[in-house]
Amino acid sequence: MRRARPLLGTLVEIEVDGATQAAAERAIAAAFEAVSLVQRLMSFHDADSDVGRINRSAFRTPVTVHPWTARVLRHAEVLHAATDGLFDCAVGHEFIRRGLLPADGLDHVSPGGFGAVRLPADRSVCLTAPVAIDLGGIAKGYAVDRAIATLRAAGIRGATVNAGGDLRVMGDTDQPIYVRIPGGGLLPVGSLRNGAIATSSSLATIDRGGAPHQSPGSPPDRRAYSVVAPSCVVADALTKILVQTGNPRHPCFGSFGATAFISVDDLQSVAA
């Protein structure tokens, strides 16, 4: 059974195998609710979301967040340290400056990075500088993981969740995987079982220091940057490292049990 809903700024598709129709319907509905909760908690656009409250208040007073938001921020903290700052979700100011994110209620925000984020053990968040957090580079992968966890808790043993290129497969059956090339079509890149893959483009990435990865006026980058990892939250985040470095052999991929590759039409660069 396959169902799809518009969530997270894309179309989220959930496919379940080996279950009765009634069981599949219940499990899929619960999985969509998990994705919806991630969206409500981590939306930059919603002033009442955890991210909205952090960006507006955490510079002045600690903000307590949902356990899922705290978990994503912990992932972001680990990735920021492991990549020497290449993964940084506290560059919201640059996205606002470029008109890619709204500035409503965020006039106080200034340039900075994740080094200004403090995560005490009580699920509160403090900012030592008025930076803005944007979890757009990691929350979608986490939502896919939550959907898979929800399906598993419902007794499902074979499923695929795809949120606009952030995809995770549960089960022992190989699933064919395709990557969408910017400005092109779908490219078959192999198969996947019990794992995750995320694909990004240079247009969606800002380098460390706030510069866009692709300069205005430069030829369009028609490469697709993909990472395969045990979880989708890691795969999603590490695509930003692949875009910035262009190096599928960067040591951070191996440290997270991930594999990276870059696709250009019918050509692929692959590294373990």
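Strands here are DSSP runs of E with at least two residues, numbered from the N terminus, and two of them pair if DSSP finds at least two bridges between them. Residues are numbered from 1 along each chain as its sequence is written. Because the model is predicted, local features need pLDDT of at least 70, side-chain atom pairs count only at pLDDT 80 or more, and totals for chains, interfaces and linings use all residues, while side-chain values use heavy atoms, with hydrogens and water left out.

- E2 (residues 10–17) is joined to E1 (residues 2–7) by six bridges, and the two run antiparallel.
- Within E2, Ile14 is the bridge partner of Arg3.
- Two residues lie between the strands in the hairpin of E1 and E2, where Leu8 takes a positive phi near 60 degrees.
- E2 also pairs with E6 (residues 158–163), in the antiparallel sense over six bridges.

**The open sheet E3-E5-E4**
- Three strands make up this open sheet, in the order E3-E5-E4 with antiparallel pairing.
- E3 (63–64) and E4 (117–118) are at the edges with a single partner strand each, so one side of each has no neighbour in the sheet.
- Two bridges link E3 to E5 (residues 124–127), and Thr64 has Ser124 in E5 as its bridge partner.
- E4 and E5 are antiparallel too, paired over two bridges, and Val117 has Leu127 in E5 as its bridge partner.
- Five residues separate E4 and E5 in their hairpin, and Arg123 in the turn has a positive phi of about 65 degrees.

Notes: Helices (H or I, at least four residues) and strands (E, at least two) are DSSP runs, numbered from the N terminus.
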